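Here is a structure to question, term by term. Each answer sets a value against its definition.

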Amino acid sequence: MTDTLWYTRCPVPTASGLAHSLGWLGDAAQRGGLTFGVLQDAGPELAGFHFDHGLAGLVREGGNVPALAARAAGSPTRLIGLTWIDESQAILVGPDSAVASPADLAGLRIGIPTWAQDQARSFPRAMALHGFANALRLGGLTLADVTVVELAVERDPQVRTDVQQRDRRVTWGAEELLRGEVDAIYVKGARAQEVAAEHGLRVAVDLDATDSKRLRVNNGTPRPITVHQQLLDTRPEVVVDFLAQSLRAADWAGDNLDGVRAVLQRETLSGPEGVVAAYGEDFHRSLHPSLDEERLELLGVQKQFLYTHGFLATDFDLASWIAPEPLARARELVATGRAAA
């Protein structure tokens, strides 16, 4: 049995990230008689668990590529929630490019990050491939209509939330695009928007502008909350409390846009303009995790894409991964005012 509630997240808008910033996740661990640890603060010896979820006692809210890849590789995890926040996904071209629509992507050289050291860590490649596939579909095209140019990436990326994060390449291919080695790249998120603006890169396809959520499915849409099976088996009340504090944080966020933006600027290491450009004015009202039919269906779309393109070791039954009871109990605690403050 673990004596520590471990938490890991990506530097993006999440209810659990807010709950952590507010100190509520640490309180939940303490109520359960556990210490509280954050992988991003624990050093390199534990950092890899963000990708393979092999740490007993770990709850993770982050991109779905590592979560799905870990499950496909046999990691004993369960899916306990899904969130959906649009993250300003876009296809960028150079300042002087004539490309102005999805159909104009035909024949272009697109920058796609190369494989990292394993499938889970190859999330930059998965994001770009699916982003381009969705953009091309809008123009009646497929990946067969473009030429893929491989971009160098970190073989062993680290997920950090300190100043070192700002120095990492968050807009893969920006330099190659400016040098004319590729014609278009995929980007998402607050810091990516700032990088694009700094270099005068132009949005050729705004994926967030499409009404179809299916065409916005990617690494962060939807974003899973997963838990190690051992923690769920041995300390289910702690998992429920974790989710209850996340739900409370999502409620808090609805009336505290300035506070949410302040947290996000620290998490993403972006300025206020980048946060606004990436997430808009109303994202803080949509942070509640759920396991509703639509989000599960969209996660299934992502799973099939990843399996088709080699990012999963094997296919697996999505329904068997889901553990709905903790979220249902957490909602009941919050609704009845019994969630610990």
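Q: Where does glutamine 193 lie?
A: Glutamine 193 is in helix H10 (residues 190-199). Helices are DSSP runs of H or I with at least four residues, strands are E runs of at least two, and both are numbered from the N terminus. The model is predicted: local features need pLDDT of at least 70, side-chain atom pairs count only at pLDDT 80 or more, and totals for chains, interfaces and linings use all residues. Residues are numbered from 1 along each chain as its sequence is written, and side-chain values use heavy atoms, with hydrogens and water left out.

Q: What makes aspartate 233 buried or exposed?
A: Aspartate 233 has 54% relative accessibility, so it counts as exposed. Its place is in helix H11 (residues 229-234).

Q: Which class does arginine 266 fall into, and why?
A: The value is 47%, so arginine 266 is partly exposed. This residue sits in helix H13. Arginine 266 and leucine 92 are 25 Å apart, C-alpha to C-alpha, and 174 residues apart in sequence.

Q: Why is leucine 243 called buried?
A: Its relative accessibility is 0%, so the buried label applies. Leucine 243 belongs to helix H12. Leaving aside neighbours within four places in sequence, leucine 243 is in contact with Ile80, Ile225, Pro326, Leu327 and Ala330. Contact here means heavy atoms within 4.5 Å.

Q: What makes a set of residues a nonpolar core?
A: The members are buried Ala, Val, Leu, Ile, Met, Phe, Trp, Tyr and Cys residues, joined through side-chain atoms within 4.5 Å. The largest such core has 83 residues. Those with the most contacts inside it are Leu79, Ile91, Leu105, Leu306 and Trp321. Helix H12 (residues 236-253) gives the most to this core, with ten residues. In soluble globular proteins, nonpolar side chains tend to be buried together.

Q: Which domains does this core draw on?
A: It takes at least three residues from each of domain 1 (4-85 + 221-336) and domain 2 (89-215). Those bounds come from an automatic or database domain assignment. The centres of the two domains, taken over C-alpha atoms, are 24 Å apart. Apart from this core lies another, of eleven residues, including Ala90, Leu92, Val187 and Leu201.

Q: What does leucine 79 touch?
A: Not counting residues up to four places away in sequence, leucine 79 touches Pro224, Ile225, Thr226, Leu291, Leu296, Leu299, Trp321, Ile322 and Ala323.

Q: How many cavities of 30 Å³ or more does a search of the whole structure find?
A: Six. On a 1 Å grid over the protein atoms alone, a cavity is a set of points where a 1.4 Å probe fits but cannot get out, and lining residues have an atom within 4 Å of a point. Grid points are joined across faces, edges and corners, and a volume is the space filled by probe spheres set on the points. By that count, the second largest cavity holds about 50 Å³.

Q: Which helix gives the most to the lining of the second largest cavity?
A: H13, with four residues. Helix H1 (15-21) and helix H13 (257-268) each supply at least two. The lining includes Val12, Leu18, Val260 and Glu267. Its residues divide into seven nonpolar, two polar and one charged. Ala, Val, Leu, Ile, Met, Phe, Trp, Tyr, Cys and Pro count as nonpolar, Asp, Glu, Lys and Arg as charged, and the others, Gly among them, as polar.

Q: What joins threonine 221 and proline 222?
A: A cis peptide bond, with omega about 0°. Proline 222 is in the loop between strand S9 (202-206) and strand S10 (223-228). Most residues other than glycine have a negative phi, and most peptide bonds are trans.

Q: Why does histidine 53 count as buried?
A: Its relative accessibility is 3%, hence the label. Histidine 53 also has a positive phi of about 50°, although it is not a glycine.

Methods: Buried < 20%, exposed > 50% of the residue type's maximum accessible area, 1.4 Å probe, protein only. 1 Å grid on protein atoms, 1.4 Å probe; cavity = no way out; pocket = protein on both sides within 12 Å on 5 of 7 lines; lining within 4 Å.
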